[in-house]
Amino acid sequence: MNQEKIGQFIAGCRKKKGMTQKELGERLNVSDKSISKWERGINMPDVSLYMPLCEALNISINELFAGEYIQTDAIVQKSEENIISIVKDNYEKTKKLNKIQNIIVVIALLSVPFIVLQWNLKLVWTVVELKTQTYTNIYLISLSYFIAYFLVYKKIRLGYYLMWIIFILLFCINISLLGYDPKLLTLSVDLWMNIFITIIAIINNDLKLSHLIKKV
């Protein structure tokens, strides 16, 4: 969709109705600044406002998406063009989100050795009599991030659950051995990585909140 064209069309229809941005905003329960952003093509109205906006401007949804008035004999053609445009926009947004998620996962994978190193240095220097088995367990748990992030990269849902299980295990071990330290670099790195990856996955529908709630 051409947001600038749609914005100009909204502005033209509003002026044709003799309404100011403030008056249109009051009818839609939004600010005049929001109307201004629509008309300048900065962003689109919220989906819930499509119908009220069209009713206020006396236009159809197809005309809103097309950014122009549509003759009766061209309705079908414009409808198809609008559908293709919407699908294309959604594809581009999904593609961008996937790219961002992949970049974060790659960074997370590369950061694993650094996370493990920080853990080991912290434990070696602060817990002198640490048992070999405990040390090995921590090392192996940390390395499990490789598996979790690789599964996430492959869009396998198990990877999202695994990365949080690993974080919780490391967090609990850290507290039991070293005490709670909010500035510990290892927790900061994997915590924020996991949060960003999860948020993007939810936005991109790789994870669904309803599914997560049922699991909990």
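Guide: The discussion below takes up helix packing and then salt bridges. Please note that this is a predicted model.

Visitor: How is the packing of two helices described, and at what angle do the axes of H1 and H3 cross?

Guide: Two packed helices are described by the angle between their axes and the distance between the axes. Here, the axes of helix H1 (residues 3–16) and helix H3 (residues 32–39) cross at roughly 125° and come within 7 Å. H1 is therefore oblique to H3. On the H1 side, the residues in contact include Gly7, Ile10 and Arg14, and on the H3 side they are Ile35, Trp38 and Glu39. The residues of this contact comprise four nonpolar, three polar and two charged.

Visitor: How is H2 oriented to H3?

Guide: The axes of helix H2 (residues 21–28) and H3 come within 8 Å, crossing at roughly 110°. This makes H2 roughly perpendicular to H3. Among the residues that meet are Leu24 and Leu28 in H2, and Ile35 and Trp38 in H3.

Visitor: Are Arg14 and Glu39 buried or exposed?

Guide: Both Arg14 and Glu39 are buried.

Visitor: Which residue pairs with Lys5?

Guide: Glu68 forms a salt bridge with Lys5, with the closest N and O atoms 3.4 Å apart. Glu68 lies in the loop between helices H5 and H6 and Lys5 in helix H1, so the pair ties together parts 63 residues apart in sequence. Glu68, at 26% relative accessibility, counts as partly exposed, and Lys5, at 31%, also counts as partly exposed.

Terms used:
Residues are numbered from 1 along each chain as its sequence is written. This is a predicted model: local features need pLDDT of at least 70, side-chain atom pairs count only at pLDDT 80 or more; totals for chains, interfaces and linings use all residues. Side-chain values use heavy atoms; hydrogens and water are left out. Axes are lines fitted to C-alpha atoms, for helices over the stretch in contact, and angles run from 0 to 180 degrees between N-to-C directions. Helices (H or I, at least four residues) and strands (E, at least two) are DSSP runs, numbered from the N terminus. Angles under 35 degrees count as roughly parallel, over 145 as roughly antiparallel, 65 to 115 as roughly perpendicular and the rest as oblique. Contact means heavy atoms within 4.5 Å. Ala, Val, Leu, Ile, Met, Phe, Trp, Tyr, Cys and Pro count as nonpolar, Asp, Glu, Lys and Arg as charged, and the others, Gly among them, as polar. A salt bridge is a side-chain nitrogen of Lys or Arg within 4 Å of a carboxyl oxygen of Asp or Glu. Buried means under 20% relative accessible area, exposed over 50%, partly exposed in between (1.4 Å probe, protein chains only).
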